[in-house]
Amino acid sequence: ETVHNDMSGSVPQEDPLGGVEAPSAKVPTPPTRAPQGGLSGVPSFRQYADELSTLQAKGREVSEYASNAKRIAQSVVSALQASDMDAAKKGLEELKGLIGLKAVVGDALWKEAPARLRLLENHQVGPLLETYICCSTLFSFFERGIFCPEVPESFKVGVQDQDDEKYLLGLLDASRELERYALNRGQDLDLASIQICVELSQCLQQAFQQFDFRNSELRRRFDGLKYVVRKLEHVAYEVNLAKQRAAAGSAEVAGRGQKRKFEEFDKEGNPVPAAGAEGDSSSKALDVSVIAAIKLRYDKFDEARESVLKRGRDVIKAAKNAVYELQRGKMPGAEAQLKKATKDANAIHEDLVQHFPALRGSLFSASLEELAEALSLRAFLKEKKLLSFEEMQTASGLKFPLELHEYLGGILDLTGEIGRLAIKAAGKGRPAIAEVSLHLEVVSAVAANVQDLPFLPMGLNKKIGPMKGTISKIETALYELSLLSEGAVRLQAPKGGDEGAGDADSGPDAKM
């Protein structure tokens, strides 16, 4: 019905919802209580909340320190490019006056190398160290002509291979600053300074070419070095041509009484740049022995890394095979696979990881997470319980301590395996309601415990979505089981086998 303007001038509006009326408010029955009492043991995660809260607070402290120190280091680079050596020296002194990384982290965390590395890397300390080395390199270069500075202990993470990598990254960042410096000196046709940059960058490129960099940030930065060298060579060529033109026109300019940017020329017609500080003629611009020592250590670390990757896959395979056996009720086979996984993990840690703490992350940590998942599943099937962190450490047989994030990752992954067991059990019909309810209790207990933690470390948040999906699927299976009349309707397991059970929708198959 069309609404017209009335005499008062107001314009009545049509109902945008088309007359939709809300129902009367009525209080529903409370939600169904989650199953309880079926598990013989459920650990509380609250005991880990304090540890994570302390780590979270320390992370904020480290981030603030790194942000402030990096800002000062960047100001030093800017001051050097602006030829303000006094401001640059003041900035470096301010950096050296800061408390060191060890003092920021604290003695307790500093003693645990893997935890220390994760904390520093996750809170922007890596970029800080690279920027500090870059500004120190430039300062040394402009003051003494030397491109390899000494790094104080306060700006090291205390793990040799990681400090070496940050040192190389800092040198590569400094080489990019050479390009900027050369372009600015090119405005004054300062070919001598530009040529110094060309020779230095070429030497640096030759030294870095001896490395066999893996696919990493270091490799990507190194790939950019050739463009720096090419740009510097191009600038040197263009400035040389410009100088020749300047020399050819100098007599004519002088005859007209005009002044050019360069007022003095040598015998060959080259403009004489402003006087600068003399370099240390007894030293080399680039201490290749330092880079050579880094290369030897890098090769050794890379060899260990490749070995950890190769052997770590065996741990993952054994742990996954154990889960496979447990899902099919073959406990002896699962025990054999778990023993193999534990033996391999102990050997990797003893041979490699304890000597190279940075290798504790990545694949080796992922393999321990898989092992934790298998151990958790075994404990549930045998004892109807969830393992605590301490119980898992004992049950694992590992000769080194598990990390908290590895335990939590394994427990969260366990929920997916429990979901598969629940869907498989649902195929038995109504007699399986108690069994499926127990599976729901396990997953619900994990979900409730996770909520007691201030945050989930190491990107474990990505596992929350699948866990909630597992709860929804088990609840759906229980709903469908409740609709069945015992002996009249049979519930079939989803097609596609156990692997797809967690993603398949289940429903009753009516039999008349």
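**Figure 1. The second largest pocket has a volume of about 840 Å³.** The model shown here and in the other views is predicted. Lining this pocket are 34 residues. Glu 51, Leu 55, Ala 115, Arg 118 and Glu 403 are the closest to its centre. Helix 1 gives the most, with seven residues.

**Figure 2. Helix 11 spans residues 331-353.** Helix 11 has 23 residues. From first C-alpha to last, helix 11 reaches 31 Å. That is close to the 33 Å expected at 1.5 Å a residue.

**Figure 3. Buried residues of helix 11 and what covers them.**

**Figure 4. Phe 211 and Phe 213 form a stacked pair.** The count for the model comes to 19 aromatic pairs. In this one, the ring centres of Phe 211 and Phe 213 lie 4.9 Å apart. Their planes are at 5°, under the 30 degrees that count as stacked, so the pair is stacked. Both Phe 211 and Phe 213 are buried.

**Figure 5. Phe 211 and Tyr 298 meet edge-to-face.** The ring centres of Phe 211 and Tyr 298 are 5.8 Å apart. Their planes are at 75°, over the 60 degrees for this class, so the pair is edge-to-face. The pair links distant parts of the chain, 87 residues apart. Phe 211 is in the loop between helix 8 (191-208) and helix 9 (217-255), whereas Tyr 298 is in helix 10. Phe 211 and Tyr 298 are both buried.

**Figure 6. Five aromatic residues form one cluster.** The members are Phe 208, Phe 211, Phe 213, Phe 222 and Tyr 298. Phe 211 takes part in both the stacked pair with Phe 213 and the edge-to-face pair with Tyr 298.

**Figure 7. Arginine charges sit over aromatic rings.** The charged end of Arg 116 lies over the ring of Trp 110, 4.4 Å from the ring centre. For Arg 328, the charged end sits over the ring of Tyr 324, at 3.7 Å from the centre.

Definitions and conventions: Residues numbered from 1 in each chain as written. Predicted model: local features only at pLDDT ≥ 70, side-chain atom pairs only at ≥ 80, totals over all residues. Heavy atoms only, no water. Helix = DSSP H or I, 4+ residues; strand = E, 2+ residues; numbered from the N terminus. Expected span 1.5 Å × (residues − 1). Buried < 20%, exposed > 50% of the residue type's maximum accessible area, 1.4 Å probe, protein only. Contact = heavy atoms within 4.5 Å. Phe/Tyr/Trp six-rings, centres within 6.5 Å; stacked < 30°, edge-to-face > 60°. Lys NZ or Arg CZ within 6 Å of the ring centre and 35° of its normal. 1 Å grid on protein atoms, 1.4 Å probe; cavity = no way out; pocket = protein on both sides within 12 Å on 5 of 7 lines; lining within 4 Å. Points joined across faces, edges and corners; volume = space filled by probe spheres on them.
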